[in-house]
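Hello,

Here is the model I promised to pass on to you.

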Amino acid sequence: MTKQLPQPDPAPWTPPEGSWASSAANRRSMLGNRNRDTSPERALRSLVHAAGLRYRVAAKPLPCMRRTADMVFRPVRVAVFVDGCFWHGCPEHFVLPKTNPDYWRDKIGRNVQRDRDTDARLDEAGWLVLRFWEHESAEACSRAVYEAVAARRAALASGRS
């Protein structure tokens, strides 16, 4: 039987360069956050698909944009986003973390600014942008998506006649 040598105390955790994580556990948690296929997105997609609509998932509405929408209906130019309450600063549910609050205030602020910029760029290109919070009813959101896509299809059809 071999004798185990005592292990030296591990060095204190230091974040990798460019990371704002306050601990190794916090970093693991942040890396584990999904950026697509969240439960609210999947619930919405399931209902929209059941209603007979087909769409692209996590696709760029405009090829020149580095941003993706959760659902894209290209022929009628409808982009759907399901925004997480924390990451997009929901006015009802967002609570600023107590650890590193300046970082999070700036981070969430940049996310909101990027959302507004995305909306403006898509609107300028003739797209309809639908944004829903993750806490909203999937049923209500799916009805809104269905009605918007149907209205845009009808407008396209009447314009071609």
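First, some housekeeping. This is a predicted model, in which local features need pLDDT of at least 70 and side-chain atom pairs count only at pLDDT 80 or more, while totals for chains, interfaces and linings use all residues. Residues are numbered from 1 along each chain as its sequence is written, and side-chain values use heavy atoms, with hydrogens and water left out.

**Overall layout**

The protein has four helices and four strands. Helices (H or I, at least four residues) and strands (E, at least two) are DSSP runs, numbered from the N terminus. Their order from the N terminus is α-α-β-β-β-α-β-α. Of the 161 residues, 29% count as buried. Buried stands for under 20% relative accessible area and exposed for over 50%, with partly exposed in between (1.4 Å probe, protein chains only).

**The strands**

Strands count as paired if DSSP finds at least two bridges between them. On one side, E2 pairs with strand E1 (residues 56–59) in the antiparallel sense over three bridges, and Val57 stands opposite Met71 in E2. E2 is also joined to strand E3 (residues 78–83) by three bridges, again antiparallel. There, Val72 has Ala79 in E3 as its bridge partner. E2 and E3 make a hairpin with four residues between them, and Arg77 in the turn has a positive phi of about 55 degrees.

**Helix H3**

Helix H3 (residues 101–124) has 24 residues, and its end C-alpha atoms are 34 Å apart, in agreement with the 34 Å it should span at 1.5 Å a residue. The expected span is 1.5 Å times one less than the number of residues. Which residues of H3 are buried? They are Tyr103, Trp104, Ile108, Asn111, Asp115, Thr118, Asp119 and Leu122. After H3 comes Gly126, with a positive phi near 90 degrees.

**Salt bridges**

I count a salt bridge when a side-chain nitrogen of Lys or Arg is within 4 Å of a carboxyl oxygen of Asp or Glu. By this rule there are ten salt bridges. Three of them may interest you:

- Arg131 and Asp83 meet at 3.0 Å, N to O. Arg131 lies in strand E4 (residues 128–133) and Asp83 in strand E3, so this pair ties together parts that are 48 residues apart in sequence. Asp83 is buried, at 5% relative accessible area, while Arg131 is partly exposed, at 22%.
- Asp37 and Arg45 also meet in a salt bridge, with 3.0 Å from N to O. Asp37 counts as buried at 19% relative accessibility, and Arg45 is buried at 13%.
- Asp102 and Arg105 have 2.9 Å between N and O. Both lie in H3, three residues apart, about one turn of the helix. Asp102 is exposed at 52% relative accessibility, and Arg105 is partly exposed at 45%.

Asp83 and Arg131 turn up again in a network of salt bridges that links them with Asp115, Arg116 and Asp119.

**Rings and cysteines**

Arg131 has another contact: its charged end sits over the ring of Phe81, 4.1 Å from the ring centre. That label requires NZ of Lys or CZ of Arg within 6 Å of the ring centre and within 35 degrees of the ring normal.

For ring pairs, the rings of Phe, Tyr and Trp (its six-membered ring) must have centres within 6.5 Å; planes under 30 degrees apart are stacked, over 60 edge-to-face and the rest tilted. The count comes to six aromatic pairs. One of these is Phe86 with Trp87, an edge-to-face pair at 5.0 Å centre to centre, with 85 degrees between the planes. Both residues are partly exposed, Phe86 at 27% relative accessibility and Trp87 at 28%. Ring pairs also link Phe86, Trp87, Phe94, Tyr103 and Trp104 into a cluster.

How many disulfides does a search of the whole structure find? The result is zero, where a disulfide would be a pair of cysteine sulfur atoms within 2.5 Å. As for cysteines, Cys64 counts as exposed at 63% relative accessibility, whereas Cys141 is buried at 5%.
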